[in-house]
Amino acid sequence: MSRLVVKNLTKIFTLGFFSKRYVEAVKNVSFEVKEREIVSLVGESGSGKTTTARMILRLLRPTSGTIHFEGTDIWNDLNDKESLKDFRRKVHAVFQDPFASYNPFYPVERTLWQAINLLENTPSNKKEAIELIKESLFRVGLDPKDILGKYPHQISGGQKQRIMIARCWILRPLLIVADEPTSMIDASSRGGIIKLLEELREKEGTSIIFITHDLGLAYYVSDTIYVMKNGEIVERGDPDSVVLNPSHSYTKLLVGSIPKLYRKMEDI
Ligand SMILES: Nc1ncnc2c1ncn2[C@@H]1O[C@H](COP(=O)(O)OP(=O)(O)OP(=O)(O)O)[C@@H](O)[C@H]1O
Ligand SMILES: [Mg+2]
């Protein structure tokens with residue numbers, strides 16, 4: 001059984017209260033994610049990647065279609081507080097815009113305390129909890145003394161994204177939805193963050209939905225790639241077949257824009 005099954009997912013936004021104008025942000029999208037699988041959603045800006053992610057995270061109600069996580073219909077069958085909490089523990093987001101994920105009035109470690117409170121086996125005392133927080137920060141390459149006690153405006157975008165991944169180390173979710181998780185991180189440390197996600201997959205069997213506009217990056221990290229354009233999936237397959245043998249004209253365009261240095265095979 002697949003861990004996540006997305007079927008005929010559609011989201012239509014209406015613009016303005018009385019207006020008849022609307023945007024079909026996601027159209028009839030279907031895909032599955034297995035245990036330990038890294039699935040990439042790749043596409044240009046506005047292709048519907050974040051909208052798809054928000055529906056999977058249960059932050060935005062679909063117009064139609066279904067999302068099953070571990071066999072449960074997340075929009076129709078998660079009705080009580082306890083099962084919702086369980087869902088939040090098992091499905092976790094690393095967002096494109098780390099600024100939107102933090103409350104400016106609280107120190108940044110609040111987000112790690114929230115993760116600890118979601119744990120099934122919460123640490124028995126505060127000292128143990130702080131140790132867990134420090135360990136998770138070390139894991140993502142941050143020194144706790146640079147982070148603890150700081151407010152969101154006092155740390156960088158890249159540090160914020162790393163803290164989101166530190167949350168994953170505390171929670172060990174079954175599924176991580178990572179929406180451009182390295183957009184704020186300089187190229188030299190990007191590989192480190194990807195490695196952290198891969199390590200989670202290896203050690204915990206975590207499944208990952210990796211969202212990016214960079215097909216070159218998706219080629220290296222994914223087991224399966226879905227290419228999105230204008231809200232639709234236009235191509236799907238394993239990285240070699242999508243990148244080395246694309247069939248849709250849009251995928252060919254994306255392949256053409258992968259910098260040469262990046263390409264592993266000389267014949268791409
Ligand atoms: N709340 C909203 N109300 C109206 N339209 C929206 C809303 N959110 C997204 N859209 C529209 O839906 C479409 C898809 O947006 P989405 O954010 O999913 O794209 P994306 O693929 O994540 O792009 P990017 O790579 O720039 O992050 C866009 O046309 C966008 O303008
Ligand atoms: Mg987006």
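Reader: How many bridges join strand 1 (residues 4–14) to strand 4 (residues 64–69)?
Author: The model is predicted: local features need pLDDT of at least 70, side-chain atom pairs count only at pLDDT 80 or more, and totals for chains, interfaces and linings use all residues. Residues are numbered from 1 along each chain as its sequence is written, chains are lettered from A and ligands numbered from 1 in the order written, and side-chain values use heavy atoms, without hydrogens and water. Strands (E, at least two residues) and helices (H or I, at least four) are DSSP runs numbered from the N terminus, and two strands pair if DSSP finds at least two bridges between them. Strand 1 and strand 4 run antiparallel, and the bridges joining them number five.

Reader: Which residue of strand 4 is the bridge partner of Leu4?
Author: Strand 1 covers residues 4–14, and strand 4 covers residues 64–69. The partner of Leu4 in strand 4 is Phe69.

Reader: Which strands stand at the edges of the open sheet of four strands?
Author: The order in this sheet is 2-1-4-5, with antiparallel pairing. An edge strand here pairs on one side only. That picks out strand 2 (22–33) and strand 5 (72–73).

Reader: At what angle to strand 1 does helix 1 run?
Author: Helix 1 spans residues 49–56 and lies across strand 1, strand 2 and strand 4. Axes are lines fitted to C-alpha atoms, for helices over the stretch in contact (heavy atoms within 4.5 Å), and angles run from 0 to 180 degrees between N-to-C directions. For helix 1 and strand 1 the angle is about 115°.

Reader: Why is one side of strand 6 and of strand 10 left without a neighbour in the sheet?
Author: Six strands form an open sheet in the order 6-7-8-3-9-10, with mixed pairing. Strand 6 and strand 10 stand at its edges, and one side of each is left without a neighbour because each has a single partner strand.

Reader: How many residues of strand 9 are buried?
Author: Strand 9 (residues 224–229) is joined to strand 3 by five parallel bridges, and it pairs with strand 10 in the antiparallel sense. Helix 10 (residues 249–256) lies across strand 3, strand 9 and strand 10. Strand 9 is mostly covered.

Reader: Which residue in the turn between strand 9 and strand 10 has a positive phi?
Author: Strand 9 and strand 10 form a hairpin, with two residues between them. On either side, Ile225 has Gly237 as its bridge partner, and Val227 has Glu235. The turn residue with a phi of about 50° is Asn230.

Reader: Which helix gives the most to the lining of the largest pocket?
Author: This pocket (an open set of 1 Å grid points with protein on both sides within 12 Å along at least five of seven lines; lining residues have an atom within 4 Å of a point) has a volume of about 350 Å³. Its lining has 20 residues, and among the closest to its centre are His92 and Arg167. Strand 6 (91–94), helix 3 (110–118) and helix 6 (157–171) each supply at least two lining residues. With four residues, the top contributor is helix 3.

Reader: Which helix gives the most to the lining of the second largest cavity?
Author: The residues lining this cavity (a set of points where a 1.4 Å probe fits but cannot get out) include Leu132, Glu135 and Trp169. Helix 4 (126–139) and helix 6 each supply at least two of the lining residues. The one that gives the most, with four residues, is helix 4.

Methods: Grid points are joined across faces, edges and corners, and a volume is the space filled by probe spheres set on the points. Buried means under 20% relative accessible area, exposed over 50%, partly exposed in between (1.4 Å probe, protein chains only).
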